[in-house]
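Open the model in your viewer and keep the selection panel handy. We will go stop by stop, with a note on what to select and what you will find there.

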Amino acid sequence: MRTEISVKDIKSKFLDKVEELSEENIYACYQCGKCSAGCPSISEMDISPCEIIRLVQLGQEKEVLNSKTIWICSSCFTCVTRCPKGVDLAKVMEALRQITLRKNVDYVSPLSIPKEVLSQVPQIALVSSLRKFSS
Amino acid sequence: MKGAKMKISYFPGCTLKTMAKNFEDSALASLSFLGIEMVELLRWNCCGTVYSLTSDDLIHQVAPIRNLIRVKEERDTRVVTLCSMCYHTLKRANKLVKEDKEKLDKLNNLMYREDVKYNGEVEVLHLLEILKNEVGFDQVSKKVNMTLKGLKVAPYYGCLLLRPPEVGLDDPESPTILKDFLESVGAEVIDYPYETECCGSYHTVVNINLVVERAYDILSSAISQKAEAIVLSCPLCGFNLDNRQKEIKEKFSDFTSIPVFYFTQLLALSLGLDEKVCRFELNFIDPRPLLKSKHLIGGV
Amino acid sequence: MSRIGVFICHCGLNIAGTVDVKKVAKLLSNYSGVVCSTDYMYMCSDPGQDMIKKMVKEKKLDGVVVAACSPTMHETTFRNTIASVGLNPYKIEIANIREQCSWVHQDNKERATEKAVKIIEATVEKVKLNKPLAPLSVPITKRALVIGGGIAGIQASLDIADSGYEVILVEKNQSIGGHMLQLSETFPTLDCPQCIATPKMVQVGQHPRIKLLAYSEVEEVSGYVGNFKVKIRRKASFVNWDKCTGCGLCMEKCPVRVPSEFNEFLAKRKAIYTLFPQAVPNKPVIDSSNCLYFTKGKCRVCEKNCSLKAINFKQRDSLVEEKVGAIIVATGFDLMNKAEVGECGYGKYKDVIDSLQVERLLAPAGPTEGIPYRPSDGKIPKEVVFIQCVGSRDPEHYYPYCSKICCMYTVKQAMLYKHAVPDGQAYVFYMDIRCNGKGYEEFLQRGIEEDRILYLRGRVSKIFKDGDKIKVWGADTLTGRKIEISADLVVLAMAMVPSKGAKKLADKLRLATDDYGFLTEAHPKLRPVESLTAGYFLAGAAQAPKDIPETVAQASGAASKVDSLFSKDELYHEPIIANVDEEVCAGCGICEVLCPYSAIEIDKQEKVAKINPALCEGCGTCCAACPSGALELKGFRREQILSMIKVFTEV
């Protein structure tokens, strides 16, 4: 598992975009892992939350954007409440989702929701999931 | 609280008018009994949930701020909500524009068709805050006609009521507001570690399994501490912890169902109001057998 | 007619990179009163200084301006330079053209050069009006006060006393020793701390030149370096220590049992008690808030049983006054209270303890004789989780700094646990391991390899009670996983904070502290044991978190500073102090009220202000406030300042 990094990866447009959208300093994260330790959804994720931000620090755009993790995040803000460096990881996750969504790519598109689910769930579930996951 | 009732603007949000009508009806009736008239805004739109976490899409703040303009138009400076998600979204948007004049100006300009400009005049409150600070839990106790003694309940806060701490209603690590409320109506509150863990939220639409896993952990933790019912304040949490018990039972055969109440249903019951305002028929797991066994409701 | 020499330093490129020093030198050579104006690469160097000496002699200069860096750097250097060739050292001024010119105007060289010229011209005008001054000499009381009887205070006291000077050691508890005496074993040697500290404690107790005032606190300090007056409150112990022989019968008979502070509330003590068996002094104290006589008027069993009649319920606090010349502040540390941390349960779980508590459980002479039984049910814990950095390295919620010692004491505690419970498992959640002392890294590896402590790299997000276990949710970032452990016992390495009451004491002594209450040293690199206030020295954890060898080294360092202070027969005080023109002074008293050093008194008979030249630090507050202008600062008289303003405001 060899990863070559250079200033191209580190000082990339990807990192700039993430920092611009989230207004967070990615370098403030010192990889303590507290976010992962408290994340309620980590068992469904392929890459842990602290690893996501690590990969952003290393400029690994593809791996991060292709992960399941950023779509499993439930924006519960547990990580935000506990981060000792005050890094708002929820905003970073949102920025990562938005990078894909703003290319007009849906994670959840209204047409793909099964009819039974549509009639079953409360409006609030539809509103919030479409706000989070559609472009 | 005799005589003229205190009035306060009320923002219901979408689901309280449909699947969570039990939440709204029990709330309005209880508050009226306590001398507070929750006046629904004449015009309101979706609160704009979920609060946008990116720095540049101001358009997402239009929905919540527009609702605050409605409050201003009704000549009120406060608005009360019941749903955790509405509370969080409105409060956070309000905080954003109060702290960033440039964004506020842009929003006002965008909404140029509104008769009124917003300048941060409104305070967003949750019903629990009204009960605690305006009425006072001790006053609530005094008005209790049927104490809920003998009912063991597990308060469930979820995420958006408490986090992030700058808009939270109580301490995110060790909140007590629901406990204080429930004890004021005589219920026995059990302590369990999952009361602030996320229920899975909007994943209930496309990733039901994730919600099932979360809900199972939360409910079994409460049940293991001998809880007889869950009490909460959010229609989405309510759906995930109540309605999704069907899917939980399908996946975890050892799971035993447990009724889920909105806190206002228990408030209404304890104040001695007619069971009809609680709209128990809208609760997925029927709570009536439990309530009957505790002699909290009569009949068959 | 003045004969001023102007010497302009390049300071490498620091000044010359922005200011055109050669141009400035040329312009100044034409300025009225300047008879020589030159530039050099590094004025502070030996050749630079030689140049100044040469010019003073050759050109018969009566005043010198060195245009260079801030006077805090080299003012003393250059004063000595001109003094060595017979010119009064107060006839030199430093024109700061670095910090106040070249360093802040790097983007505008032309304007920076103009500004440098103005600064130097103004300084020349000031120097023209400088009067020669001579430093004052004050006597020194060659006795030292050491505040705090932990290992730092003990070491400093012994060093100073062994050098032949008298020391007064004040300790707020009834015995010296501090936190070191509570520890189980010390890293990296696993020495018994009581065994290595008590010989020093006994030495202190028996030293002919150390006056030990235990169960006492400093109430008030006045004066200045070499001449302090200290008021010390000797708290009432309700036991006459001169009569008491320390037999312990009173403690045996006392019926009261309350949580023991020394045992970190894991065991009980009596209302009349000594801290531990090897206490120095080994005399008991009555805790009046728990004693049955003081609270209910009953009992008095101790008094009845004391054949020496040493119990005295009527004893009162007493105040003693001492004169000293130097003060060492060694008030030590405490641990942050775990009740402040919500993620760890706000301190409500019995089996979640902090590092000092686990020290008491692991200490062979502790309440459980070295076996760390669970405080809740007394069972032996088979799975113990140690959490590092609780409260430390957390700028968002608690303290941003690293508490330095926790990595080392945690591995030690985990090792001692494994020695006591060989079939148990110890886990340590860490972010980094800081082992930067001698033998420390080897000690850590021994713990991991021999005692098989499992180190998990990640912080802990939450701990909560789960049945009779404590559930720990942490992370292992090395494998990217959330780790869940059902622990029997959890030990929190809480952040190190300055000792309770230290901030209040620092405020009383007017000592600078940082945002967290740690005492501020005069220079973080080069003057770590002195405070910014002359006569006060710092030692131990009161200045910053540190371990025992660093504490002892710092204590000896502070002691040597005191020795060098006492080696002189008199101290020199800066002559740049306030001066009263008694003919103009009306005795209004505004200056007396404002003076932060209490250096001014209005003479009631003459109705004029009188300055105490030894106390005055030349801050200038009185001069600025004086409505009649009777007060002026020597070396900064009104005409001098006005002459500088004239230069700056000229177009």
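Domain bounds, as used here, come from an automatic or database domain assignment. With that in mind, select chain C and colour four pieces: domain 1 (4–135), domain 2 (143–331 + 502–565), domain 3 (333–497) and domain 4 (577–633). The centres of domain 1 of chain C and domain 4 of chain C, taken over C-alpha atoms, are separated by 32 Å.

A word on how to read all this: the model is predicted, and local features need pLDDT of at least 70, side-chain atom pairs count only at pLDDT 80 or more, while totals for chains, interfaces and linings use all residues. Residues are numbered from 1 along each chain as its sequence is written, and chains are lettered from A and ligands numbered from 1 in the order in which they are written.

**Stop 1: a sheet in chain C**

Helices (H or I, at least four residues) and strands (E, at least two) are DSSP runs, numbered from the N terminus. Two strands pair if DSSP finds at least two bridges between them. Now select strands E9, E10 and E15 of chain C: they form an open sheet of three strands in the order E9-E10-E15, with antiparallel pairing. Which strands are at the edges? They are strand E9 (216–224) and strand E15 (318–324) of chain C, each pairing on one side only. From one strand to the next, the twist averages 20 degrees; axes here are lines fitted to C-alpha atoms, for helices over the stretch in contact, and angles run from 0 to 180 degrees between N-to-C directions.

Zoom in on E9(C) and strand E10 (residues 227–234) of chain C, which pair in the antiparallel sense over eight bridges. Click on C:Gly223 and look across to E10(C), where C:Phe228 stands opposite.

**Stop 2**

Most residues other than glycine have a negative phi, and most peptide bonds are trans.

- Select C:Lys60, in the loop between helix H2 (46–58) and strand E3 (63–68) of chain C. C:Lys60 is not a glycine, yet it has a positive phi of about 50 degrees. Is C:Lys60 buried or exposed? C:Lys60 counts as exposed because it has 11 C-beta neighbours inside 10 Å. (A residue is buried if 20 or more other C-beta atoms lie within 10 Å of its own, exposed if 12 or fewer, and partly exposed in between; C-beta atoms are placed from the backbone.)
- Move to C:Ser598, in the loop between helix H16 (590–594) and strand E32 (600–603) of chain C. C:Ser598 has a positive phi of about 50 degrees although it is not a glycine. With 13 other C-beta atoms within 10 Å, C:Ser598 is partly exposed.
- Find C:Pro281 in the loop between strand E13 (272–273) and strand E14 (285–286) of chain C. The peptide bond leading from C:Val280 to C:Pro281 is cis, with omega near -5 degrees.
- Switch to chain B and pick B:Val50, in the loop between strand E2 (36–40) and helix H2 (62–73) of chain B. The peptide bond from B:Thr49 to B:Val50 is cis, with omega near 0 degrees.

**Stop 3: chain B as a whole**

Show chain B as a cartoon and you will see twelve helices and eight strands. Its radius of gyration is 19 Å, close to the 19 Å that the globule rule gives for 300 residues, so chain B is as compact as a globular protein of that length. (The radius of gyration is taken over C-alpha atoms, and the globule rule is 2.2 Å times the number of residues to the power 0.38.) Along the principal axes, the C-alpha atoms of chain B fill a box of roughly 55 × 50 × 30 Å. Of the 300 residues of chain B, 51% count as buried.

Two residues are in contact if their C-beta atoms, placed from the backbone, lie within 7 Å. Among contacts in chain B between residues at least 6 apart in sequence, 79% join residues at least 24 apart.

**Stop 4: chain A**

Of the 135 residues of chain A, 47% count as buried.

**Stop 5: where chains A and B meet**

Bring chain B back. The contact takes 32 residues from chain B and 33 residues from chain A. On the side of chain B that touches chain A, helix H8 (208–224) and helix H9 (235–243) of chain B each supply at least two residues. The largest share, three residues, comes from H9(B). Colour this side of chain B by residue type and you get 19 nonpolar, nine polar and four charged residues. Here Ala, Val, Leu, Ile, Met, Phe, Trp, Tyr, Cys and Pro count as nonpolar, Asp, Glu, Lys and Arg as charged, and the others, Gly among them, as polar.
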